[in-house]
Amino acid sequence: MRGLISVVYLFVTCLYGSVFIIAPTFVCSLFSPKYSNKLINILVAAWKMQVVICLEMFHGMKVVVSGDCYETEGNAMILMNHRTRLDWIYLFGYLFRGKILHKQKIVLKSQIKWIPGVGWSMQAGGGIFLDRSWDSDQTNIVKMLDHFNMLESNYNILFFPEGTDFSEQNKIKSDKFATKAGLPRYEHVLHPRVVGLNCIVDHMRKSNSIDAIYDITVAYSHDIPQSESDIIMRGPPKVVHYHIRRYPISELPVGDVSSWCRNVWQHKENLLHEFYNELNLSCRQFETNMKKNQMFLF
């Protein structure tokens with residue numbers, strides 16, 4: 001029941017906000033596009049805070065973060081494995097505490113932009129929507145990145161290289177691809193799709209608008225609600241774990257980053273294998289020997 005209440009509340013507030021609060025601000029863009037963009041980013045972030053309040057205060061969801069600290073200055077990409085359909089929503093709390101929630105841009109499937117409320121606000125907030133047709137996707141990616149560079153001092157882009165969530169059906173497809181390409185089969189992640197990643201990194205490099213890439217590995221120590229219906233029936237996960245690794249852009253290979261990304265995903269698989277091998281659910285956490293390490297819970 002609590003899950004249903006939260007979903008209905010968030011949907012209604014998002015729908016109301018996108019129609020009666022965000023939409024009127026587009027008038028400001030006629031006079032000052034940069035001011036209008038900053039205002040819309042703040043308003044979208046304010047709604048995202050409603051999500052954080054619902055998850056953490058109403059439902060008591062806990063988030064554990066380990067690894068490198070996120071640097072607030074500069075532009076960056078965030079790469080994350082897509083364990084469930086809602087991994088990106090659980091990340092809002094950490095981004096808010098890092099004072100970068102209003103800078104977040106998300107790469108999403110194009111179908112989402114037509115969802116009343118949520119899709120409209122994501123469009124207003126600068127979401128990058130992909131059709132999985134490379135000709136149109138490449139054009140849209142370049143167009144949106146140029147738009148960000150024109151309007152904003154810094155931003156971060158959340159990108160899921162796997163392209164879809166980790167479901168049983170999607171794992172079968174990933175295994176078939178691995179067999180055909182001579183790659184190892186994974187148990188906890190899907191093989192990444194690197195064409196879009198290469199395009200984004202290359203364009204951001206050419207425009208001198210990327211300082212680092214953050215690799216975030218997400219895991220769930222207790223329950224794993226896979227979809228929105230699971231949230232309605234059982235509520236959000238009890239505990240979400242995020243492990244962060246920061247890669248300065250200068251450390252990445254110039255040009256094609258496909259091999260680098262596959263190595264990162266192999267490391268994710270290893271991390272998750274160790275994480276889920278711990279049978280005591282309360283003791284599950286990411287192990288790290290990194291010097292610049294953070295470990296906190298909220």
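**Terms and their grounds**

Mentor: Glu228 has a relative accessibility of 34% and therefore counts as partly exposed. Please bear in mind that this is a predicted model.

Trainee: Why is Glu228 called partly exposed?

Mentor: Buried means under 20% relative accessible area and exposed means over 50%. The value for Glu228 is 34%, so the term is partly exposed.

Trainee: Which class of accessibility applies to Arg85?

Mentor: Arg85 has 40% relative accessibility and so counts as partly exposed.

Trainee: What makes Asp215 and Lys268 a salt bridge?

Mentor: Their closest N and O atoms are 2.6 Å apart, and the limit is 4 Å. This pair links distant parts of the chain, with Asp215 in strand 6 and Lys268 in helix 10 (residues 258–277), 53 residues apart.

Trainee: Are Asp215 and Lys268 buried or exposed?

Mentor: Asp215 has 0% relative accessibility and therefore counts as buried. Lys268 is likewise buried, with a relative accessible area of 0%.

Trainee: What makes strand 6 mostly covered?

Mentor: Nine of its nine residues are buried. Ala212, Tyr214, Ile216, Val218 and Tyr220 point one way from the strand, while Ile213, Asp215, Thr217 and Ala219 point the other way.

Trainee: How do you know that strand 6 is paired with strand 7?

Mentor: Pairing requires at least two bridges. Nine bridges join strand 6 (residues 212–220) to strand 7, and the two run antiparallel. Within this pairing, Val218 stands opposite Tyr242 and Thr217 stands opposite His243.

Trainee: Which other strand pairs with strand 6, and in what sense?

Mentor: Strand 2 (residues 76–80) pairs with strand 6 in the parallel sense over five bridges. Here Asp215 is the bridge partner of Leu79; Asp215 is also the residue that forms the salt bridge with Lys268.

Trainee: What is the sense of the pairing between strand 1 and strand 7?

Mentor: Strand 1 (residues 62–67) and strand 7 pair in the parallel sense over six bridges, and Val65 stands opposite Tyr242. Strand 7 (residues 239–248) is mostly covered, with nine of its ten residues buried.

Trainee: Which residues make the nonpolar surface patch?

Mentor: The patch, of about 710 Å², is made by Met1, Leu4, Ile5, Val8, Phe11, Val12, Phe58 and Ile115. Its largest share, five residues, comes from helix 1 (residues 2–22).

Trainee: Where is Ile115 found, and which class of accessibility applies to Ile115?

Mentor: Ile115 is in the loop between strand 3 (104–109) and helix 5 (118–124). Its relative accessibility is 38%, so Ile115 counts as partly exposed. Patch residues need over 30% relative accessible area.

Trainee: How do you know that the radius of gyration agrees with that of a compact globule?

Mentor: For 298 residues, a compact globule would have a radius of gyration near 19 Å; the chain has 19 Å, and therefore the two agree. The C-alpha atoms fill a box of roughly 55 × 50 × 40 Å along the principal axes.

Trainee: What share of the residues is buried?

Mentor: Buried residues make up 52% of the 298 residues. Of the contacts with a separation of 6 or more, 75% are between residues 24 or more positions apart. The chain contains ten helices and eight strands.

Conventions
Residues numbered from 1 in each chain as written. Predicted model: local features only at pLDDT ≥ 70, side-chain atom pairs only at ≥ 80, totals over all residues. Heavy atoms only, no water. Buried < 20%, exposed > 50% of the residue type's maximum accessible area, 1.4 Å probe, protein only. Helix = DSSP H or I, 4+ residues; strand = E, 2+ residues; numbered from the N terminus. Patch = residues over 30% accessible without salt bridge, like charges linked within 9 Å, V, L, I, M, F, W, Y side chains within 5 Å. Areas by Shrake-Rupley, 256 points an atom, 1.4 Å probe, with all protein chains shown as cover. Salt bridge = Lys/Arg side-chain N within 4 Å of Asp/Glu carboxyl O. Rg over C-alpha atoms; globule rule 2.2 N^0.38 Å. Contact = heavy atoms within 4.5 Å.
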